[in-house]
Amino acid sequence: MAMPRPTVAQFAYGSCAVILSTLALLLLSGTSSGPGVAAVAVVALALGLVVAVRVPGPASRRSAAAPPATPLPVRATVPSPSREQVREQVHERAAS
C-alpha cells in the first residue's frame with residue numbers, strides 16, 4: 001500500500017505552525033541556552049506535524065473513507081390507466 005502524499009495545504013499549514021510556534025515559544029520562554037532552544041524546536045516540530053496531519057486531505061480521500069449512505073426507500077410505481085379506460089369509466093358512471 002502506497003503512502004499518501006501530503007498536499008500543498010498540509011505543507012503550508014505545517015510550515016507556518018512550526019515557524020510561528022518556534023518564535024512564540026522562544027519569546028515566551030526567554031530561553032537562550034542550547035538545550036532550551038533544542039527543546040523549543042522539538043516541541044514546535046511536533047506541533048507542526050500535528051497541524052499538518054489535522055488539515056483535511058483532498059475530497060477523493062474523504063469520500064472513500066466516508067461510510068456508505070443508507071439507501072432511500074424505493075417507491076413502487078403503478079401504471080396509470082389509459083385515456084380510453086378513463087373515458088369508459090366516466091361513460092359508465094354517467095349511464096348509471
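Helices here are DSSP runs of H or I with at least four residues, numbered from the N terminus. By that rule, I19 sits in helix α1, which spans residues 8-29. The model is predicted. Its secondary structure consists of four helices and zero strands. Along the sequence the order reads α-α-α-α.

**Overall surface and burial**

- The protein has 96 residues, and 12% of them count as buried.
- Its accessible surface is about 8400 Å².
- Carbon and sulfur atoms account for 68% of that surface.

**Nonpolar surface patch**

- I19, L20 and L23 make a nonpolar surface patch.
- The patch covers about 310 Å².
- I19 has a relative accessible area of 52%. That value makes I19 exposed, because exposed means over 50%.
- L23 also belongs to helix α1.
- L23 has a relative accessible area of 48%. L23 therefore counts as partly exposed, the class between under 20% and over 50%.
- Both residues can join a patch because patch members need over 30% relative accessible area.

- L23 and A41 are 18 residues apart in sequence. Their C-alpha atoms lie 9.6 Å apart in space.
- F11 is another residue found in helix α1.
- F11 counts as exposed because its relative accessibility is 53%, and the cut-off is over 50%.
- F11 and V55 are 44 residues apart along the chain. A distance of 9.5 Å separates their C-alpha atoms.

**Largest pocket**

- The largest pocket holds about 250 Å³ of space.
- Twelve residues line this pocket. The closest to its centre are P6, Q10, L49, A52 and V53.
- Helix α1 gives the largest share of the lining, with four residues.
- Helices α1 and α2 (34-54) each supply at least two lining residues.
- By class, the lining comprises seven nonpolar, three polar and two charged residues.

**Points to locate in the structure**

- For the patch, find I19, L20 and L23; I19 and L23 are both in helix α1.
- For the pairs separated in sequence, look at L23 with A41 and F11 with V55.

Conventions: Residues are numbered from 1 along each chain as its sequence is written. This is a predicted model: local features need pLDDT of at least 70, side-chain atom pairs count only at pLDDT 80 or more; totals for chains, interfaces and linings use all residues. Side-chain values use heavy atoms; hydrogens and water are left out. Patches are made of residues with over 30% relative accessible area and no salt bridge: like charges are joined within 9 Å, nonpolar side chains (Val, Leu, Ile, Met, Phe, Trp, Tyr) within 5 Å. Accessible areas come from the Shrake-Rupley method with a 1.4 Å probe; for residues, only the protein chains shown count as cover. A salt bridge is a side-chain nitrogen of Lys or Arg within 4 Å of a carboxyl oxygen of Asp or Glu. Buried means under 20% relative accessible area, exposed over 50%, partly exposed in between (1.4 Å probe, protein chains only). On a 1 Å grid over the protein atoms alone, a cavity is a set of points where a 1.4 Å probe fits but cannot get out, and a pocket is an open set with protein on both sides within 12 Å along at least five of seven lines; lining residues have an atom within 4 Å of a point. Grid points are joined across faces, edges and corners, and a volume is the space filled by probe spheres set on the points. Ala, Val, Leu, Ile, Met, Phe, Trp, Tyr, Cys and Pro count as nonpolar, Asp, Glu, Lys and Arg as charged, and the others, Gly among them, as polar.
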